[in-house]
Amino acid sequence: MSTEPTRRGRKAAKTSPAASAAPAPAAVPVAPSRPPAAIADRAGMRQVADRAGVAMSSVSRVLSGHPDVSAAMRSRVMAAVEELGYEPNMLAQMLRKGATQTIGFVVGDISNPLLAQIALGAEVALRAAGYAMLLTNSVNQPNLDATHIRLLQQRRVDGLLLSLSDETNDQTIEALSATPTPSVLIDRDLRTRTEESAVLSDHAAGITQAVEHLVGLGHRRIALIAGSPHVRPTRERINALEEAVEAHPEVHAQVRPGAFTEVHGGAATRELLDGRRPPTAIIAGGNQILVGVLGELAARQVRIPDDISLVTCDDVPLAKFFTPTLATIGRDPYEMGAEAAALLLARFGGAEPGVITLPTSFTGGRSCAAPPRTAPPAQGERP
């Protein structure tokens, strides 16, 4: 909007005697801002006390569940509460108690169905104990882990559940070192601190069983397409694969770490199949990686299990509709979340930090069979 008319108006005011003599316009009073009607009309403890005809202290004792309250007094106060629609000021109560009854959950990637199930298990257990859960999603960006830890600390959460996108990030380690808030690691291992509780998965058991199954079928070239090496599940799976094949000198293992993404799953599969000695069996180290593996195999018209055998880590509900049925290294993510919540609640009760290791197991499926006599076709070759 142009300001030139305003300048001309000001100049005229200076040169016009009539304008100079005119009195200044009276200031228009500004009404003070008011809270929304829903807030302004909200009943408080004073209104409850007046309606019940009792003292404020009596209302406080009734609402806090104090045992030294008669049945008649409790009945009068609760009747007034119902008539007025009174709702306690939770923030004020939290400030008085020094606790917020909230738990912060830092999730590396909530789009991962496994992590969604873990969060569900934790939330249900916490809600049953009277706690609310605040969830933050780091979308696999390590620096966001640290940002979210600080944010939740500012919100004065009573505890933290941590499924970090990167265990080695300096900012994350610094943020955790600076907070006294009790925390529980979920399948993560921070070697720089020992006072956190943790819920871990025994990845070695499932991988070992899968390898033994594949070797028993006659496979000699087995590949693991793994996720980020900066988190515990990937390291444990790689170590377990290497240890398992040590007992079978005739077996050659290939490992392709990267990220827990469909893109990595597809790219790693493409690289493996285009290699000089393509694997006859692939272990997909995560349900998001699995999507990329399946996409690349379909694009090449590689048949499962006729051309290649396939094992996946972590079951997903839709997998049961896949044909052939997928061989799976599974675990119970809901239980992991519930156990993590239980460990954190125990800390609030004065318990020392603890570590729980939950099992993984291998379930065979029709996606595994004896290896083909010829390797899967390379890019550009006819299947």
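Start with the open sheet: six strands in the order β7-β6-β8-β9-β10-β12, with mixed pairing. Strands here are DSSP runs of E of at least two residues, helices are runs of H or I of at least four, and both are numbered from the N terminus. Two strands count as paired if DSSP finds at least two bridges between them. From one strand to the next the twist averages 20°; axes are lines fitted to C-alpha atoms, for helices over the stretch in contact, and angles run from 0 to 180 degrees between N-to-C directions.

This is a predicted model, in which local features need pLDDT of at least 70 and side-chain atom pairs count only at pLDDT 80 or more, while totals for chains, interfaces and linings use all residues. Residues are numbered from 1 along each chain as its sequence is written, and side-chain values use heavy atoms, with hydrogens and water left out.

Next, select β6, residues 221-225. Five bridges join β6 to β7, and the two run parallel. Show L224 and look across to β7 for its bridge partner, V255.

Helix α14, residues 287-299, lies across β6, β8 and β9 (309-313), and runs at about 155° to β9.

Turn to the side chains. A salt bridge is taken as a Lys or Arg side-chain nitrogen within 4 Å of a carboxyl oxygen of Asp or Glu; the count comes to 13.

Select R256 and E271, whose side chains meet in a salt bridge at 3.1 Å, N to O. The pair links distant parts of the chain, with R256 in strand β7 and E271 in helix α13, 15 residues apart. R256 is partly exposed at 21% relative accessible area, and E271 is also partly exposed, at 47%. Buried means under 20%, exposed over 50%, and partly exposed in between (1.4 Å probe, protein chains only).

Move to helix α12, residues 232-246, which holds R232 and E236, four residues apart, about one turn of the helix. Their side chains form a salt bridge (4.0 Å, N to O). R232 is buried at 9%, whereas E236 is partly exposed at 27%.

Finish with R237 and D314, a salt bridge with its closest N and O atoms 3.3 Å apart. R237 lies in α12 and D314 in the loop between β9 and β10 (327-330), so the pair ties together parts 77 residues apart in sequence. R237 is buried at 4%, and D314 at 6%.

Note on methods: Contact = heavy atoms within 4.5 Å.
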